[in-house]
Amino acid sequence: MPIKNTSSRYGWVSVGIHWLMALTVIGMFALGIWMRQLSYYDPWYRDGPTLHKGIGILLFIALLARIVWRNINIRPSDDPALKTWERVTAHLTHFALYGLMLALMVAGYLISTADGRPIDVFGLFNVPATLHDLPDQEDIAGEVHEILAWILILLAGVHALAALKHHFINRDSTLLKMLGRDANRTK
């Protein structure tokens, strides 16, 4: 598999970032749900959010890298069997996923920095609190963060189901390209 994308498949950088982010988003969603069940006296009551924040910042960096990589790299051609509405829906879904992730991360940042403290990322670096002390910042950003997380996970689920539909029902190259396989060799 090449490093960069070709007209018929994604390269290993695109594939790697895609699957790393997909697994991390699912893990972060599960961690967020689990954290809400913890009692004040549970040791993970403080450690869980610290882990969630650190991974969230790293995921934000990965999202920015993915967007840059997407813009400096060619994108494999859509499968010719795709209908126009499928092609448009797929592109809109990708932009929605990027937008949701970005908005979700901004909301998480606003929750984490509402008290004016920076976010420590595993002792490697700190992300300063540039916007804080807004009225009800933590509560409002928390509600937005939760709503966006549910929307993101639902849309990602639809995205995954669509990929499986294309692979098993349509038998086209859509999923194979994101697995790094050459679309031209699948027919």
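## How α3 and α4 cross

In this predicted model, helices α3 and α4 make a left-handed crossing. Helix α3 covers residues 84-112 and helix α4 covers residues 137-170, and their axes come within 8 Å while crossing at roughly 155°. Since angles over 145 degrees count as roughly antiparallel, that crossing makes α3 roughly antiparallel to α4.

What kinds of residues sit in the contact of α3 with α4? By class there are 17 nonpolar, 9 polar and 3 charged residues in it.

## The α1 and α2 pair

Now for the other pair of helices. The axes of α1 and α2 come within 10 Å, and they cross at roughly 155°. The two helices are therefore roughly antiparallel to each other. As for handedness, α1 and α2 cross in a left-handed way.

## The chain as a whole

Stepping back, the protein chain has 5 helices and 2 strands. Follow the sequence and you get the pattern α-α-α-β-β-α-α. If you box up the C-alpha atoms along the principal axes, the box comes to roughly 55 × 30 × 30 Å.

## The largest pocket

The largest pocket holds about 1,400 Å³ of space. It is lined by 43 residues, and the ones closest to its centre are Met35, His52, Ile111, Ser112 and His145.

Which elements build this lining? At least two residues each come from α1 (12-35), α2 (44-72), α3, β1 (119-121), β2 (125-127) and α4. Helix α2 supplies the largest share, with 11 residues. Sorted by class, the lining of the largest pocket has 26 nonpolar, 8 polar and 9 charged residues.

## The second largest pocket

Next comes the second largest pocket, with a volume of about 1,200 Å³. Its lining counts 48 residues, and closest to the centre you'll find His18, His94, Leu97, His159 and Ala163.

Two or more lining residues come from each of α1, α2, α3, α4 and α5 (174-178). Here α4 gives the most, namely 12 residues.

## A salt bridge across the sequence

Side chains of opposite charge can pair when their charged atoms come close. How many salt bridges does the structure hold? There are 5 salt bridges in the structure, and one of them joins Glu146 and Arg36. In that pair, the closest N and O atoms are 2.7 Å apart.

Where do the two partners sit? Glu146 belongs to helix α4, while Arg36 lies in the loop between α1 and α2.

A quick look at where helix α4 turns up.

Notes
Residues numbered from 1 in each chain as written. Predicted model: local features only at pLDDT ≥ 70, side-chain atom pairs only at ≥ 80, totals over all residues. Heavy atoms only, no water. Axes fitted to C-alpha atoms, helices over the stretch in contact; angles between N-to-C directions. Helix = DSSP H or I, 4+ residues; strand = E, 2+ residues; numbered from the N terminus. Parallel < 35°, antiparallel > 145°, perpendicular 65-115°, else oblique. Left-handed = near helix turned anticlockwise from the far one by under 90°. Nonpolar A, V, L, I, M, F, W, Y, C, P; charged D, E, K, R; others polar. 1 Å grid on protein atoms, 1.4 Å probe; cavity = no way out; pocket = protein on both sides within 12 Å on 5 of 7 lines; lining within 4 Å. Points joined across faces, edges and corners; volume = space filled by probe spheres on them. Salt bridge = Lys/Arg side-chain N within 4 Å of Asp/Glu carboxyl O.
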